[in-house]
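This report walks through selected features of one protein model, moving from helix packing to aromatic pairs and then to individual residues.

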Amino acid sequence: MTLEEARSELGVGPDAPPDLVRRGYLRLLKTRKPEVDPEGFARLRAAYEVLKAAQDGVEPPRTQAAPAPPPDEPPAAPPAGPPPEATDPSDSTARSARTHEQRLDAFRERFSRLPHDAPVDAPVDIAREAVEAVPDAIEARKWLVQALLAAGRTDEAAQAYRDAFYQGHSALLLEFARNFPARLTEEELHLLATVVKPSFLWGFAEHLLEAEEWAQLGRVMKVAFEVFQRTPDETPPRPQFFVFVLLRLHEQGHADAARAVTALYASWLKAEDLMEAFEGERMTATWTMLQELAALDDGFPQAVRMVLARLPLQGSQLPTLHESLRAYRRREPALAAAALASLQQRCPLYLSVFGEDLASEARPERAAGQAASTGSGPGQALPFWRTRGFRQVALSAAIIVAVFCVVAVIGGALEHSQRRLREHRLEAAGKAATALCAAVPESDREATCAALLRMVSQAGARDCLPFVGGFSKLRLQLHQRVTRDTAPGQDSAEAWSRMTQHLADFEAALRPLCHRS
């Protein structure tokens, strides 16, 4: 196969870098499985080897016929004896698969021979060699990540994840998101959205909310809603979730993301004719406040925006919020006046509650003029119930009552939901630990089961520090024990495959309890 033919087979140009060639190969490999299309797979593999050899500056493998001899040389005599048998591409594929597995077995054996007191970097060195020797094996990539995490080299572990999924191991992108949620770039987040359902992204947003990763939370909420709009069969979270998250984003200085998601949500509610959803949840006033917050531009003072967002979140602290705005008015009179003007233009509900706190103190001559214009003076004071102050107090009181009701609904629903969710996660982690415990070799079962249950207990108590690196060390130890204790005649790779599934189930159940680590 010539270089031109190889490039045509992979669909790349003459100047394609090695990474692009590899991605083209891995993309086509999904549709040319050796067991389904052995001839197509053989052509694809030959093309990849030819281009890889050309990039490395070495001779390509002899997968094509030798070139014809020059005209001035006689043709070579055919070899004596019977003609060679044609090579079956499926046989070549099977041999390649056996070689692939033999290389992995060699590295598994090296891991199993590591002493218990080996340096923490020893598994890292072996895993790096495995990745270089068998780059197509996702297991080698996982070894490297686990060894780096166990050694406390988190930055390198994150980079190992990126190297893996950018080189074709897309399954590791989901694992990267779970282990390093705050490190996902905008591009990686959109890539993740192509392989997961909106329900995963909503849960991801909940984890970021608990971890107080505000910038990433805003990005995930936008992407999650965009994906949700493309999958109409999915059910969105309840209104309380959206309102609570968006208010917290306003409070923490991420108004741009909160505005974007508010607009998406409002548009969806209108299109689906679901505006009564807030009425059913007794949250109409809170939704109105959220929309008023979204109407404020980036120049609106953050200190005032924070207080406005806290009103529906912490209605019981209303006197403190009033005093905060009065102190801000005394400290920043010009900015307070600008904030008041914005409230007058765009936020009538908030204006009725906090307008007086941002207004300047009335001067004596202004007060006298107002008294003259109303015909009141000394001895002619209006009844209190007719004064503007009384009307403001009455309106504020009505709004405060509504806000207290909303706060009770939101707080109670969220607290109950979070408690139930955590109980469910603890129960799932306990079941996964029991299943993993039963799969552990009997000689080490007692100590390992105790360690597993201790990890669940620590996670339940929010003591997640032991989980950092501990799970990766446990994985390596179990691999050594499975390899050591496999009975003669049994396949250690098959036994480890079963153990890997139990480990994955246990990690998936435990990690949400310790997502901050």
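This is a predicted model: local features need pLDDT of at least 70, side-chain atom pairs count only at pLDDT 80 or more; totals for chains, interfaces and linings use all residues.

## Two antiparallel helix pairs

Helices H7 and H8 are roughly antiparallel to each other, because angles over 145 degrees count as such and the angle at which H7 (residues 154-166) and H8 (residues 171-179) pack is about 155°. Their axes lie 9 Å apart, and H7 passes H8 in a left-handed crossing. On the H7 side the contact is made by Ala158, Tyr161, Arg162, Ala164 and Phe165, while H8 contributes Leu172, Leu173, Glu175, Phe176 and Asn179. Sorted by class, the contact of H7 with H8 comprises seven nonpolar residues, one polar residue and two charged residues.

A second pair is formed by helix H16 (residues 302-313) and helix H17 (residues 318-331), which pack at an angle of about 165° with their axes 10 Å apart. That angle makes H16 roughly antiparallel to H17, and the crossing of H16 and H17 is left-handed. The residues in contact are Ala303, Val304, Val307, Arg310 and Leu311 from H16, together with Leu318, Leu321, Ser324, Leu325 and Tyr328 from H17. By class, the contact of H16 with H17 has eight nonpolar residues, one polar residue and one charged residue.

## Overall composition

The secondary structure of the protein comes to 24 helices and zero strands. Of the 517 residues in the protein, 40% are buried. When contacts between residues at least 6 apart in sequence are considered, 65% of them join residues that are at least 24 apart.

## Aromatic pairs and a cluster

A pair of aromatic rings is described by the distance of the centres and the angle of the planes. A search of the whole structure finds 20 aromatic pairs. In one of them, the rings of Phe225 and Trp268 have centres 6.4 Å apart and planes at 85°, so the pair is edge-to-face. Phe225 lies in helix H11 (residues 214-230) and Trp268 in helix H13 (residues 255-271), so this pair ties together parts that are 43 residues apart in sequence. Phe225, at 0% relative accessibility, counts as buried, and Trp268 is buried too, with a relative accessible area of 15%.

The rings of Phe242 and Tyr265 are arranged as a stacked pair, because their planes are at 20°, and their centres are 4.1 Å apart. This pair also links distant parts of the chain, with Phe242 in helix H12 and Tyr265 in helix H13, 23 residues apart. Phe242 is buried, with a relative accessible area of 0%, and Tyr265 is buried as well, with a relative accessible area of 2%. Both pairs belong to one aromatic cluster, formed by Trp202, Phe225, Phe228, Phe241, Phe242, Tyr265, Trp268 and Trp287.

## Leu249 in helix H12

Leu249 has its place in helix H12 (residues 239-251), and at 0% relative accessibility this residue counts as buried. Which residues does Leu249 contact, once its neighbours within four places in sequence are left aside? They are Trp214, Leu217, Gly218, His254, Ala255 and Ala258. For one of these, Trp214, the C-alpha to C-alpha distance from Leu249 is 6.7 Å in space, although the two residues are 35 residues apart in sequence.

## Two loop residues

Gly253 is found in the loop between H12 and H13. With a relative accessible area of 41%, Gly253 is partly exposed, since that class holds values between the limit of 20% for buried and 50% for exposed. The C-alpha atoms of Gly253 and Met306 are separated by 7.8 Å, while the residues themselves are 53 residues apart along the chain.

Glu212 is found in the loop between helix H10 (198-211) and H11. Most residues other than glycine have a negative phi. Glu212, by contrast, has a positive phi of about 60° although it is not a glycine.

How values were computed
Residues are numbered from 1 along each chain as its sequence is written. Side-chain values use heavy atoms; hydrogens and water are left out. Axes are lines fitted to C-alpha atoms, for helices over the stretch in contact, and angles run from 0 to 180 degrees between N-to-C directions. Helices (H or I, at least four residues) and strands (E, at least two) are DSSP runs, numbered from the N terminus. Angles under 35 degrees count as roughly parallel, over 145 as roughly antiparallel, 65 to 115 as roughly perpendicular and the rest as oblique. A crossing is left-handed if the near helix is turned anticlockwise from the far one by less than a right angle, and right-handed if clockwise. Contact means heavy atoms within 4.5 Å. Ala, Val, Leu, Ile, Met, Phe, Trp, Tyr, Cys and Pro count as nonpolar, Asp, Glu, Lys and Arg as charged, and the others, Gly among them, as polar. Buried means under 20% relative accessible area, exposed over 50%, partly exposed in between (1.4 Å probe, protein chains only). Rings of Phe, Tyr and Trp (its six-membered ring) pair if their centres lie within 6.5 Å; planes under 30 degrees apart count as stacked, over 60 as edge-to-face and the rest as tilted.
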